[in-house]
Amino acid sequence: MRKLLLASVATALTAGTGFAEAQTSEAKIGVILGFTGPIESLTPMMADSAELALKEVNDSGNFLDGVTLTPVRADSTCVDSAAATAAAERLVSTDGVVAIMGADCSGVTGAVLSNVALPNGIPMVSPSATSPGLTTAEDNGLFFRTSPSDARQGEVLAGILADKGISTVAVTYTNNDYGKGLSDAFISNFEANGGTVTLSAPHEDNKADYSAEIGALASAGGDLLVVLGYSDSGGKGMIRSALDTGAFDTFMLGDGMYSDALLADLGTDLDGSFGSVPWSEGPGTEKFKEVSDAAGINGESTYTRESYDAAALIALAMMAGGEATSEAVKDNLLAVANAPGEQILPGELGKALQILKDGGDIDYVGATNVELIGPGEAAGSYRFYTITDGAFETVDFR
Amino acid sequence: MEFLNGLVALANFVLIPAVAYGAQLALGALGVTLIYGILRFSNFAHGDTMAFGTMCTILATWWLQSLGVSLGPLPTALLAIPFGIAGCAALILLTDRVVYRFYRRQKVKPMIMVIVSMGVMFIYNGVTRFIIGTEDQNFADGERFLIGAREFKALTGLDEGLAIRTTQAITVVTALIVVAALFWFLNRTRTGKSMRAYSDNEDLALLSGINPERVVMVTWLIVAALATIAGVLYGLDKSFKPFTYFQLLLPIFAAAIVGGLGSPLGAIAGGFVIAFSEVGITYAWKKVLGYWLPDTLAPDGLVQLMSTDYKFAVSFVILLIVLLFRPTGLFKGKSV
C-alpha cells in the first residue's frame, strides 16, 4: 500500500513537472492599440476580441505541442508616433514578443512599422489602419492588415459615380492622413474614369464656420459634393453649410460619414445622397457574434471582427510554420488567409489547428471574409447605400 | 439680370454668412474686451464660459419644450436665454468669489491672471462635458429659413439662390440690440460710468468712492449675459459642441485685439474684419465674375486669391499687421 502511494505520488509529480514544462514554453503576442487618445472608446473591445482568438487557440490544446500564446498589451495613443514607437520597442526588447497585433491608427502604425517592426523583423497585423500609404510602405513582407486600404474605397466610390453617370464633382476632405489619402485615391480613380473634379478643398474639423470653404466649392460647381470627413465634426458642418446656402443638395459620403446621428440631425435633407461604408456580412459575421456573445464581449463594436481575425491569423500562421516564431508568421500568413483549403469560421480555430497539424490546407474566412490581396491587405467589401426618407438603404455590396 | 445674379451669388456666399459670423464674433469679443478693460486680464475661459451659458440655455430649452412652450417660427431657445444667463452668472460669480478675488487681492500681475483663467477654462471645460456630454446638440426649432435658396429662385426668376436663415437674421438683430443696450448702459447710467472710470484709472475711481467689488460684480454679470447670448446665437446658427466653443476662442481674441483690447467699438469692428477676411479673401470669384464680365472675358480658373486652407492664416496676418503698425488696435484700445 505504501509502495502504491509512493508510486502514485511519484507519477503525479512527474506529470506535474511535465505540465509545468509545457506551460513555460509560451510565445508572446503584442497587442498595441490606442488605449488612450481619440479612439479610446473602441480599443478595449478590439483588444478583447484579439485576446478572445488567442484564448480559443490556447484552449483547443492543438497548438504546437502545448505552446501557450500570451497577449501583452501596449498603448499606441493613436496619434503620438513617438509614444507608440517607444511602447512597441518595449514590447520587442523587454517582453520579447514574436508578432504584433496592431497598431490601430494609420499614422502610428507607419511609425511602429518603420522604427520597430522592420529593424527587428517582427511581423505586424493591423486591424484598422486604412491609409493607402501603407500599401507601398517598405515592409520586407512584415506588414499585413485585415482592414481594406482606402485606395480600395476610392475605387469603389469612383465606380458608384461611373454607374450613375455623374462626371463632374467637387470634393472636400478632412485635413489629415485619412482624408488626404482617401481623396487622392478617389480623385485618381475618378479622373481615370474620365470624370472631372472642379475643386478639391480640405476642411479642418471642429471649426467655427465653414462659409469660406462652401463659397469656394459653390463657385467651382459640380453635380454633387463628395464629402470625405467625419460625421460628428467637419464633414457635417460642410454639409449643413452647403444645404443652407443651396450650394449643393446631393452628397456622396465616405465611410467616416456613415452614422445614424447624421441622419437624425439633418433628416430628410439628405434624401438622394449616397455613399459607401466597409461592411461584412455572411456566416462568418454571424458566427463571430455568437462566439463573442458567449465570451461576454461586445463584438458589434467597430473593428472588433478585424481584431479577432488579425490575432487568429497570427496563431494559424505559426501553426502552419510549425514554430512560434516571427519567421513562421511572416512566411505563412498569406497561405492560411487565402484559398485553397478548408474554410474556417470564427470559433473553429481548434479545428483549423488540427487540419494544419495533419498537413492539410486552410482558407481562413473569419469574421470579415478575410481575403488578403497585394502586399497583404484585406480586399474588403463595401456597402453602397442611398439615403431614402431619412434612412440608409442598401443598394448592393462591392 | 446678369449683374443681379452675380450680386445675389456674392450675397449668398460671402456677405450674409460673413455678417452673421461677424456678429457672433463681435458679441464674444465684447465680453473679452470688457474683462480686459475693467479687470485687466485676457480671459482664456471665455470660450468655455460661452459653452456653459449655452448649455444652461439648452437645458432650459428642453424643459420649456417639454412644457409645450414654443415661440412659433422663432426658436424656443430665445425664451430660455434668461435662464442661461442666470446659470452662467451664478457660475462666474462663484468662480470670482473662489478664485479671481483671491488673486485680485494679492494684486498679482496680469500674466498670472491669464494663467489662472486657463485653469478656470479647463474646469469649465470639464463641467460642461460632464453635464451635457461631448457630442453635438441641435436645439434649434421653429422655421429654419427666412427665405430658402429654392424659394428665392422661384420668387425672383434669377438663376442664383439667396438663403437667409432665421438664425442669421436673429443673430444680427440681437447683436444690434445688445450692443445698443451695452453702449447706453456704459455711457448713460451711473453704474456704467463708474465702470468706465474704474477702467480708465483705478486709483482715482477708488478715491471718488466707487466700490470696486460692485464694479467687478456688474462686469461679470454683463460678461455672463454677453457670453451666453453669443454662445446661444452661435449654437442656433450652427450647432452646439463644447470643443467647437473652445476653438472659437482664437478668432474671438483675434477680433478683440484687432479692434483694440478694451474698446467695445473696436471689438465689434474687429469681429467683422476677421469674419470678412476669413470668408472674403479665400472666396473663388469665378461665378460672380462670370456674371459681371462679358463672355469673352469670363475666367476659366477659379479666380481665388488664396486656397481656403489659408483662411486662418489670413486673419492672423491681419492681426500681426495691426499689432506691428497700430499696437493699440484699430480703435485705440490698450496696447497688449
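Reader: Which residues does A137(A) touch, not counting residues up to four places away in sequence?

Author: In this predicted model, A137(A) touches G110(A), L113(A) and F143(A). Each of these pairs counts as a contact because the C-beta atoms lie within 7 Å.

Reader: Where in chain A does A137(A) lie?

Author: A137(A) sits in the loop that runs between helix 5 (133–136) and strand 5 (143–148) of chain A.

Reader: Why is A137(A) called partly exposed?

Author: A137(A) has 14 other C-beta atoms within 10 Å. A buried residue needs 20 or more, and an exposed one has 12 or fewer. The value 14 falls in between, so A137(A) is partly exposed.

Reader: How far apart are A137(A) and V31(A) in sequence and in space?

Author: They are 106 residues apart in sequence and 21 Å apart in space, C-alpha to C-alpha.

Reader: What makes up the contact between the chains, and which element of chain A gives the largest share?

Author: Chain A contributes 22 residues and chain B contributes 32 residues. On the side of chain A that touches chain B, helix 8 of chain A gives the largest share, nine residues. That side divides into nine nonpolar, seven polar and six charged residues.

Reader: How do you know that residues 6–39 of chain B are annotated as a transmembrane region, and what is the chain there?

Author: The annotation comes from UniProt, in an unreviewed entry, and residues 6–39 are one of the spans it covers in chain B. In the model, that span is 100% helix and 0% strand, and its end C-alpha atoms are 47 Å apart.

Conventions
Residues are numbered from 1 along each chain as its sequence is written. Chains are lettered from A and ligands numbered from 1 in the order in which they are written. This is a predicted model: local features need pLDDT of at least 70, side-chain atom pairs count only at pLDDT 80 or more; totals for chains, interfaces and linings use all residues. Two residues are in contact if their C-beta atoms, placed from the backbone, lie within 7 Å. Helices (H or I, at least four residues) and strands (E, at least two) are DSSP runs, numbered from the N terminus. Ala, Val, Leu, Ile, Met, Phe, Trp, Tyr, Cys and Pro count as nonpolar, Asp, Glu, Lys and Arg as charged, and the others, Gly among them, as polar. UniProt positions are given in the numbering used here, feature names are shortened, and annotations may be inferred rather than shown by experiment.
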